[in-house]
Amino acid sequence: GAAEVPSLFVSPVKPPAAVLSPGENFCIPSLFCFPSWKGVAGCCAKTTTAPLDRVKILLQAHNHHYKHLGVFSTLCAVPKKEGYLGLYKGNGAMMIRIFPYGAIQFMAFDQYKKVIKKQLGISGHVHRLMAGSMAGITAVICTYPLDMVRVRLAFQVKGEHKYMGIIHAFKMIYTKEGGFSGFYRGLTPTVVGMAPYAGFSFFTFGTLKSIGLAQAPNLLGRPSLDNPDVLVLKTHVNLLCGGIAGAIAQTISYPLDVTRRRMQLGAVLPDSEKCLTMVQTLKYVYQQHGIRRGLYRGLSLNYIRCIPSQAVAFTTYELMKQFLHLN
């Protein structure tokens, strides 16, 4: 039959018996480092794009202070109105969230990939797509309350603060919005959107890596720092593949991201009673604002945000794997 497509993060030149898949049979010290260094990858990526995240949230939910502005006009208007630190509103909650989110997503991906291959006998492109989708959903559910708080803080504008900080936001949402269930508004579009986003992100990166190393190993690849028998992508190629993967995944799932944000903001928006369910919110946004200024509002900003974010995440992931001798 056809040769098996190399796994996402390990592409052997000639498959020696000693080469292990990530997360498989490594020593105890590596096990304790495993979630930590993968969380670092996510933190590094998000830190570089925090101002763009804040502007995207303001545009997606049509904050009345900035709804008449475009992407770059808003980027300029926020510092003038709220100071440069205004670009980082909600960043504290995002940093608290992204560390466990990145760790859970990358670790779950490796584990799901192994289980799917072993239990279902599925390998290659399909098991990579399935594992990526399941890993994204797992990470979202585990860290969703922190994302809710981050969005509420980021949507606030100077002089109109409803929440005084992360802890205060947790208390307010819990007491005024139905207890624990209040933290999971918008979970449905989040899960539905994360499946194609995470799945196509990992799938695209893995496919580009496999094709690149198979077709042009000398041009695009180099021996791994920790195992010369394993071929890995050069750093600039890693960045490019990660960026392309993020852009494709964002385009597919973006309308559901807009829906999620509107539902998360809940009582903060004047039209919250019209955005109670995923279908209801999609219809409302489309009817009120159309496709370009509604369902895809802020997409150009998201390209700017997601390309460096995904590029840094996948590149850091690969470099840390070599540093910890996991190849």
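How many aromatic pairs does the count come to? The count comes to 8 aromatic pairs. The model shown in these views is predicted.

**View A. The largest nonpolar core.** This core has 19 residues. Val 55, Tyr 66, Val 78, Phe 155 and Leu 265 have the most contacts inside it. At least two core residues come from each of α1 (28-60), α2 (71-82) and α4 (125-155). The top contributor is α1, with 5 residues.

**View B. Contacts of Val 55.** Residues up to four places away in sequence are not counted here.

**View C. A second, separate core.** This core has 18 residues. Among them are Val 140, Tyr 144, Ala 169 and Tyr 197.

View D. The 12 residues of α2 should span 16 Å at 1.5 Å a residue. The end C-alpha atoms of α2 are 17 Å apart, which agrees. Its buried residues are Val 71, Thr 74, Ala 77, Val 78, Pro 79 and Glu 82. Gly 83 follows α2 and has a positive phi, near 80°.

**View E. The aromatic pair of Phe 170 and Phe 183.** This pair is tilted, at 5.2 Å centre to centre and 45° between the planes. Phe 170 lies in helix α5 (residues 166-176) and Phe 183 in the loop between α5 and α6 (187-215), so the pair ties together parts 13 residues apart in sequence. Phe 170 is partly exposed, with a relative accessible area of 26%. Phe 183 is buried, at 4%.

**View F. One aromatic cluster.** Tyr 144, Phe 170, Phe 180, Phe 183 and Tyr 184 form this cluster. Tyr 144 also belongs to the second core.

Conventions:
Residues numbered from 1 in each chain as written. Predicted model: local features only at pLDDT ≥ 70, side-chain atom pairs only at ≥ 80, totals over all residues. Heavy atoms only, no water. Core = buried A, V, L, I, M, F, W, Y, C linked by side-chain atoms within 4.5 Å. Buried < 20%, exposed > 50% of the residue type's maximum accessible area, 1.4 Å probe, protein only. Helix = DSSP H or I, 4+ residues; strand = E, 2+ residues; numbered from the N terminus. Contact = heavy atoms within 4.5 Å. Expected span 1.5 Å × (residues − 1). Phe/Tyr/Trp six-rings, centres within 6.5 Å; stacked < 30°, edge-to-face > 60°.
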